[in-house]
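Biologist: I'm new to this one. Could you show it to me and take a few questions?

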Amino acid sequence: MRILIVEDEKRLADALGEILKEAKYTVDISYDGESGYDNAASGIYDGIVLDIMLPKKNGLDIVRDLRKADHIATPVLLLTARDSVDDRVKGLDSGADDYLTKPFAPQELLARIRAMTRRQGEVVLDELSFGDLTLNLSGHSLHCGSKEVRLGLKEFDIMRMLLTAPKTILPKEELLIKIWGTESDAEDNNVEVYISFLRKKLFYLGSRVEITTVRRVGYYLTDTAENS
Ligand code: CA
């Protein structure tokens, strides 16, 4: 499971990141509201831990925009320093799923995240499809007819992003940031390597779906049966 933490108090953010990583979550951290919002809007997360008081864009505005403008339903756990009824009500009204008042025990954070992502699991789609291809979201496997292959974590994340809007170009830059994170020193080649892994798997499956490259821009999916 992939969790986004948006918290401007760097020490707290990093400590939360460590707690979640120890609990086997994949974690990304944004230290301000603007980059937090950009990351959250990718829709690749299973849950978001969101501080309310943030520079550039506050937590309440982030949830509201995610829900209304981007139609992103990722569960959000709000962190609030103030134990104010007003904040909690505003938070839940804006579309957050739960809130936690600072300071809190690590166990409580983990319990809330488990509950929140479990609720999400009940309503969320378990698969994404395009052409003769189906991606199983909980099993991380790609299916075509009676054949299936398991995907590695990065392969899965890339395929999920491609399948979310198959015919729209997915910019290479966006893939780098969303999959490798802003702080990693991953390069363009990494993306190409993983795209080539995925192409081999599509070939193995005998799928009529192909990953089409737009040179220096990005990738999209083509259903070859539609073009013939
Ligand atoms: Ca803050």
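Biologist: Which ring does the charged end of K147 sit over?

Modeller: Keep in mind that this is a predicted model. The charged end of K147 lies 4.8 Å from the centre of a ring, and the ring belongs to Y204.

Biologist: And K57, which residue's face does that one lie over?

Modeller: Here the distance from K57 to the ring centre is 4.5 Å. The ring face under K57 is that of Y37.

Biologist: How are the planes of Y194 and F197 arranged in their aromatic pair?

Modeller: A search of the whole structure turns up 1 aromatic pair. Y194 and F197 form that pair, with 5.3 Å from centre to centre. Both sit in helix 8 (residues 188–205), 3 residues apart, or about one turn of the helix.

Biologist: Is F197 buried, partly exposed or exposed?

Modeller: Buried would need a relative accessible area under 20%, and exposed one over 50%. F197 has 33%, so F197 falls in between. Y194, at 23%, is partly exposed, and the label for F197 is also partly exposed.

Biologist: How many residues of helix 3 are buried?

Modeller: Helix 3 covers residues 59–68 and is mostly covered. Among its buried residues are L60, I62, V63 and L66. The cover includes helix 2 (33–40) and strand 4 (76–80). Of the 10 residues in helix 3, the number buried is 7.

Biologist: What reaches the backbone nitrogen of L60?

Modeller: Look at the start of helix 3. Within 2.8 Å of that nitrogen is a side-chain oxygen of N58.

How values were computed:
Residues are numbered from 1 along each chain as its sequence is written. This is a predicted model: local features need pLDDT of at least 70, side-chain atom pairs count only at pLDDT 80 or more; totals for chains, interfaces and linings use all residues. Side-chain values use heavy atoms; hydrogens and water are left out. Rings of Phe, Tyr and Trp (its six-membered ring) pair if their centres lie within 6.5 Å; planes under 30 degrees apart count as stacked, over 60 as edge-to-face and the rest as tilted. Helices (H or I, at least four residues) and strands (E, at least two) are DSSP runs, numbered from the N terminus. Buried means under 20% relative accessible area, exposed over 50%, partly exposed in between (1.4 Å probe, protein chains only). A charge sits over a ring if NZ of Lys or CZ of Arg is within 6 Å of the ring centre and within 35 degrees of the ring normal. Contact means heavy atoms within 4.5 Å. A polar contact is a pair of N or O atoms within 3.5 Å; within protein, one must be able to donate a hydrogen and the other to accept it, and residues adjacent in sequence count only if both atoms are side-chain atoms.
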